[in-house]
Amino acid sequence: NPLKVIGLDSDANSIKTAAKIGNFPNIFYINADVCNMPIKAESFDAVFARYVFQHTNLSASFLSEIKRTLKYGGLLILIDIEDDMTLYYPELTVNSRKLFNAYSLYQEQKGGNRNISKKLPSFLSSAGFCDIEIKPFTQIFFKKQKDYDSIEHIKNAFLLLQNEFESVK
């Protein structure tokens with residue numbers, strides 16, 4: 001059987017954009033709420049959630065849906081954020097720190113948590129997941145101080161994403 005991939009997002013515009021970018025015969029896109037997925041039980045061999053839990057703040061209903069749709073013995077791969085462990089060089093300017101803190105507060109007010117990663121193992125265990133293995137990895141965001149909009153900066157962002165996928169493999 002060829003690999004089938006389902007991309008699921010609650011934002012219809014994100015789904016439309018993804019479908020335009022990744023128009024492949026084995027990739028399907030569904031506009032749905034992750035807490036109520038229109039997917040049969042035990043459908044997935046693997047579930048990959050990248051930077052999702054920071055928005056759901058350990059939603060028990062989301063985790064329940066993952067468990068419901070994941071086959072017994074399936075693989076759950078999570079990549080998420082832990083702002084308390086984020087390092088910047090050069091250091092963020094005062095205004096950049098204020099903006100970043102405002103964004104974090106806004107996300108928290110919407111029910112999110114940008115320090116979610118350290119809570120995931122305990123939450124997964126309490127939800128009945130077993131054989132939990134944590135593989136912390138770092139991303140390094142760097143740029144030359146006067147080189148904020150260069151092609152090199154964009155290339156570095158793509159390389160960071162590629163490194164994430166390599167760590168998943």
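User: What should I know about numbering and confidence before reading?

Analyst: Residues are numbered from 1 along each chain as its sequence is written. The model is predicted: local features need pLDDT of at least 70, side-chain atom pairs count only at pLDDT 80 or more, totals for chains, interfaces and linings use all residues, and side-chain values use heavy atoms, with hydrogens and water left out.

User: How many helices and strands are there, and what pattern do they follow along the sequence?

Analyst: Elements are DSSP runs: helices are H or I with at least four residues, strands are E with at least two, and numbering starts at the N terminus. Here the protein chain has six helices and four strands. The pattern along the sequence is β-α-β-β-α-α-β-α-α-α.

User: How many of the residues are buried?

Analyst: Buried means under 20% relative accessible area, exposed over 50%, and partly exposed in between, with a 1.4 Å probe and protein chains only. In this chain, 24% of the 169 residues are buried. The chain exposes about 12,500 Å², by the Shrake-Rupley method with a 1.4 Å probe, where for residues only the protein chains shown count as cover. Carbon and sulfur atoms supply 57% of that area.

User: What share of the contacts comes from residues 24 or more positions apart?

Analyst: Contact means heavy atoms within 4.5 Å. Of the contacts with a separation of 6 or more, 69% are between residues 24 or more positions apart.

User: Which residues have the most contacts inside the largest nonpolar core?

Analyst: In soluble globular proteins, nonpolar side chains tend to be buried together. A nonpolar core is a set of buried Ala, Val, Leu, Ile, Met, Phe, Trp, Tyr and Cys residues joined through side-chain atoms within 4.5 Å. The largest one here has 17 residues, and Phe 53, Leu 63, Ile 66, Leu 76 and Phe 129 have the most contacts inside it. Strand E3 (44–50), helix H3 (60–69), strand E4 (70–79) and H5 each supply at least two of its residues.

User: Which residues form the aromatic pair?

Analyst: A pair of aromatic rings is described by the distance of the centres and the angle of the planes. Rings of Phe, Tyr and Trp (its six-membered ring) pair if their centres lie within 6.5 Å; planes under 30 degrees apart are stacked, over 60 edge-to-face, the rest tilted. This structure holds one aromatic pair. Phe 53 and Phe 62 form it, tilted, at 5.0 Å centre to centre and 40° between the planes. Phe 53 and Phe 62 are both buried. Beyond four places in sequence, Phe 53 also contacts others, including Leu 78, Ile 116 and Leu 120.

User: Where does Arg 114 lie, and is it buried or exposed?

Analyst: Arg 114 lies in the loop between helix H4 (94–109) and helix H5 (120–126). Its relative accessible area is 12%, so Arg 114 counts as buried. A polar contact is a pair of N or O atoms within 3.5 Å; within protein, one must be able to donate a hydrogen and the other to accept it, and residues adjacent in sequence count only if both atoms are side-chain atoms. The Arg 114 side chain makes one with the side chain of Asp 83 at 2.6 Å. Another, at 3.4 Å, reaches the side chain of Gln 107.

User: Which residues other than glycine have a positive phi?

Analyst: Most residues other than glycine have a negative phi. Among those with a positive value, Glu 42 has phi near 50° and Tyr 51 about 55°. Glu 42 is in the loop between strand E2 (27–31) and E3. Tyr 51 is in the loop between E3 and helix H2 (53–56).
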